[in-house]
Amino acid sequence: MQIANKKDVPELLDVRIEKMSNLGFGIAKYDGYVIFVSGACTGDFVKVRLNKKTKTYANAEVVEIIVPSEYRVEPFCKMQKVCGACQLQFVEYSAQLKLKKQMVEDAMQSVFDEEIEIRDVIPSKSDREYRHKIQYPVSETKDSKRILAGYYKPKSHELVNIKYCPIQPSACDEIVEFIRKCAKECYVSGYDENKHNGELRHIVLRVSKMTKQVLVTLVVNDKGISSKLKLLANKIYAELPNIAGVLVNLNSKRTNLILGDKTILLEGVEFVEEELCDKVFKIGAKTFFQVNPYTADDIFRYVKKYIAENFTKPSILDAYAGITAFGICMSDIASKVVSIEEEKASVELAKKIIEENKIENIELHCGDAGDFFADQTSTGRLFDITILDPPRKGCSQNSLDYAMKLTKSKIIYVSCNPSTLARDLKYLKEFGARVEYVQPFDMFPHTYHIENVAIIDLQTLQAD
Ligand SMILES: C[S@@+](CC[C@H](N)C(=O)[O-])C[C@H]1O[C@@H](n2cnc3c(N)ncnc32)[C@H](O)[C@@H]1O
């Protein structure tokens, strides 16, 4: 098919949205030329203005909704359009689940010739107040020096001061408002990222659904802790209910990374406790822990049920383990769990959690997963099941090669990125592995993000 030349595509045009992209944009076509429309969903007929044109695609914004999609609803948050966090809030929740399933199907179709079974998305138990990790950038107003804390507008570093966020536990709004006021009273200034001056640069909250306690981390542009910061931490701990502890993280670098290397406990304890799959975990300021504990619990129970129904006391390798959440949840149905995680603090925390849960069949390792796989292969050690839960970039081919050598029966691949999951599944399949199916879970309602659990059978590969 002939595709329109970008010069021939008008700046303003009426289009029908055919489907959604993996980043939550509506996809429309003009004579085969692809247009990604922000704030539009499948079924919308909209007038759009193109704001960026490349040879193969354009980005556009909605100027007018001519005929709304049947999926459209009024967003429940007034800030939806200005705050970049909930891209899909204007889509009815059950329709979001259908659109997300289609996004996963599209990711698979883009690499596979044959069909991969994608199951219906399992919804989040709650689509409000589900986000239990909050990281607000902080700044201050130019003249009155009022402290601002919230999210950046889409594709910008312009801060939206968020007073109410319905996808976070409501206690977080009160805590952040208290910190805004109290920081100013304590003469703690807000950070200016252009000039790289000012003190408070982020507020990070970790909330427990089990205890309702909150761990507060104040990230400061400093190399030490000032007395005014100590006073602020003391006031937060003394005057607010349900604060487990207050920490200060020192981050004086010009960087987009939120947390610096050094974290100091000023008040209370340095973690909150959370229950998942009948086990109690500790979550610190830096600990990787799934942001939606309701869906995390569903995923852990789902994987555990799958393993219990298909194996008797298997040996399990938990790779990219974080605080070994999978391994700990699976420990009572496994003969042995071995975990590998590169972040030392997570491994140390895992050790504590394992002791407190009185678990005796877990072996922890700290290091790079690929290197660890290579070592284990050279010893001839084998596992019935390997759980892979890598970061968004997925696994390296080298790690996948070794994972296949180390695993007797199944790989359970947990992923928050459908594109890298599809790429890695294709790689495994080329070696004879069979993808049984992919089960998506809605860990992030109202955003375009989706978590997936893929079940991969390696017995076909062993038989070759
Ligand atoms: C998506 S998280 C999964 C954590 C855990 N499975 C959970 O559910 O809580 C990915 C983890 O992989 C770790 N990681 C990233 N690259 C790694 C590598 N090359 N080797 C080992 N661990 C790695 C990160 O520190 C992080 O804890």
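## The shell around the ligand

Ala, Val, Leu, Ile, Met, Phe, Trp, Tyr, Cys and Pro count as nonpolar; Asp, Glu, Lys and Arg count as charged; the others, Gly among them, are polar. By that scheme, the shell around the ligand holds ten nonpolar, three polar and five charged residues.

This is a predicted model: local features need pLDDT of at least 70, side-chain atom pairs count only at pLDDT 80 or more, and totals for chains, interfaces and linings use all residues. Residues are numbered from 1 along each chain as its sequence is written.

In total, 18 residues surround the ligand (C-beta atom, placed from the backbone, within 6 Å of it). The closest are Y320, G322, E342, A369 and D389. Two elements give two or more residues to this shell: α5 (325-330) and β17 (336-341). Helices (H or I, at least four residues) and strands (E, at least two) are DSSP runs, numbered from the N terminus.

## An open sheet

Seven strands form an open sheet with mixed pairing, in the order β9-β8-β7-β10-β11-β12-β13. Strands pair if DSSP finds at least two bridges between them. β9 (159-161) and β13 (262-268) are the edge strands, each pairing on one side only. On average, neighbouring strands are turned by 35° against each other, direction ignored.

Strands β7 (residues 133-140) and β10 (residues 200-207) run antiparallel, joined by five bridges. K133 has R206 in β10 as its bridge partner.

## Helices on the sheet

Helix α2 (residues 170-185) packs on the sheet. α2 touches β7, β8 (147-152), β10 and β11 (214-220); contact means C-beta atoms, placed from the backbone, within 7 Å. Its direction makes about 150° with that of β10. Axes are lines fitted to C-alpha atoms, for helices over the stretch in contact, and angles run from 0 to 180 degrees between N-to-C directions.

Technical notes
Two residues are in contact if their C-beta atoms, placed from the backbone, lie within 7 Å.
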